[in-house]
Amino acid sequence: MVNLELYKIFVEVANELNITKTSEKLNISQPAVTKHIKNLENILGKTLFKRSNKGLTLTEIGLELYESLKNPIDEIIKVDNQFNKNKNVRLGSHNHLLNIIFGKCINKFCLEYPKINLDLKCLETNEMLEMLENRELDIVFSKKVNNLKLKNIEYLNIGFLHDIFIANKDSDFANKIVSKKELENAIIYVPRKYAQTVTRLVSLLNNQNLNLKNSSYSTILELASKSNSIGMITKEYIENNKLTKYNLVELETELKLEPVEFGIYYNIKRKREVNLLIKIIKENFNI
């Protein structure tokens, strides 16, 4: 199948003979532009550009391809702009944060702007932020990542989340202050392996050998309710009556878990559609 996007990027690079200018014009990262050109060269089995200290120039075959494509690609872009009124916003988030914390914002956005499509990526936080920096995502919903240097990225604080320990109210851990030693020796059911909740716990206890079991939220609630074990969850991610329903209580421990800041990350140079979503988020959270 012909990949029109690769040919479109090729024509833009040939127009500019500059990766940086092409990146800014197409609103994608420079590495992404370079990768797409390399992919096209691999597909065609031809070298399309000469690269030197003075910049880019078209090879003979590259110039021939450019002359063949520039007018058709221009016409395709004009037709797309004329008839395709749908726009898209590429989101990065974990399901619980997006659905539970930002669900009302997303629903309102979809109702107010039905022609704007939302594309969701659920990946590890650092990977999503890297994609955001490379303009492969438009906005990322995340707990705040400290000591992370990002270029051309802004962060908006929305609020705080609270990680808590839970256990069956009849277990050995209930109705007392659980010591750090007991936490280190207990089976603790936690979210996915690289969740910030998990890495934070390991860091606070300064112990890489904790007996942690990765599970979904529903499984954590069920297992903690049926065994003499501990669960660790983000309090805001569960319904108010869920702990009671599963015969669970929030534990008091020697390990003090401070609230975790959360918010949204987005590019300084961003689409109009992203600004519309940010506006709704600010209104919803009274920012």
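Visitor: Which strands does helix α6 lie across?
Guide: Helix α6 (103-112) lies across β3, β4 and β5 (139-143), running at about 150° to β4. Helices here are DSSP runs of H or I with at least four residues, and strands are runs of E with at least two, numbered from the N terminus. Angles run from 0 to 180 degrees between N-to-C directions, with axes fitted to C-alpha atoms, for helices over the stretch in contact.

Visitor: And what kind of model is this?
Guide: A predicted one, where local features need pLDDT of at least 70 and side-chain atom pairs count only at pLDDT 80 or more, while totals for chains, interfaces and linings use all residues. Residues are numbered from 1 along each chain as its sequence is written, and side-chain values use heavy atoms, leaving out hydrogens and water.

Visitor: What makes β3 and β4 a pair?
Guide: Two strands pair if DSSP finds at least two bridges between them. β3 (residues 87-92) and β4 run parallel and are joined by 6 bridges, so they pass that test. R90 stands opposite D119 in β4.

Visitor: In what order do the strands of that open sheet come?
Guide: The order is β4-β3-β5-β14-β6, with mixed pairing. The edges belong to β4 (116-121) and β6 (153-161); each has a single partner strand, so one side of each is left without a neighbour in the sheet. From one strand to the next, the twist averages 20°.

Visitor: Why are α6 and α12 called oblique?
Guide: Their axes come within 9 Å and cross at roughly 130°. Angles under 35 degrees count as roughly parallel, over 145 as roughly antiparallel, 65 to 115 as roughly perpendicular and the rest as oblique. So α6 and α12 are oblique to each other.

Visitor: Which residues meet between α6 and α12?
Guide: On the α6 side K104, C105, I106, K108, F109 and E112 meet E273, L276, L277, I280, I281, E283 and N284 of α12; contact means heavy atoms within 4.5 Å. By class, that gives 7 nonpolar, 1 polar and 5 charged residues, with Asp, Glu, Lys and Arg counted as charged.

Visitor: How do you know how α1 and α3 lie to each other?
Guide: The axes of α1 (residues 4-16) and α3 (residues 30-44) cross at roughly 115° and come within 9 Å. By the angle rule, α1 and α3 are therefore roughly perpendicular to each other. Their contact involves L6, Y7, I9, F10 and V13 of α1, plus V33, H36, I37, L40, I43 and L44 of α3. There, 10 residues are nonpolar, 1 is polar and none is charged.

Visitor: What makes F102 and F262 an aromatic pair, and of which kind?
Guide: Rings of Phe, Tyr and Trp (its six-membered ring) pair if their centres lie within 6.5 Å; planes under 30 degrees apart count as stacked, over 60 as edge-to-face and the rest as tilted. F102 and F262 are 5.9 Å apart, centre to centre, with 80° between the planes, which is edge-to-face. The pair links distant parts of the chain, 160 residues apart: F102 sits in the loop between α5 and α6, F262 in β14 (residues 260-267). The count by this rule is 7 aromatic pairs.

Visitor: In which sense do β7 and β11 pair?
Guide: β7 (residues 163-168) and β11 (residues 230-234) pair in the antiparallel sense over 4 bridges.
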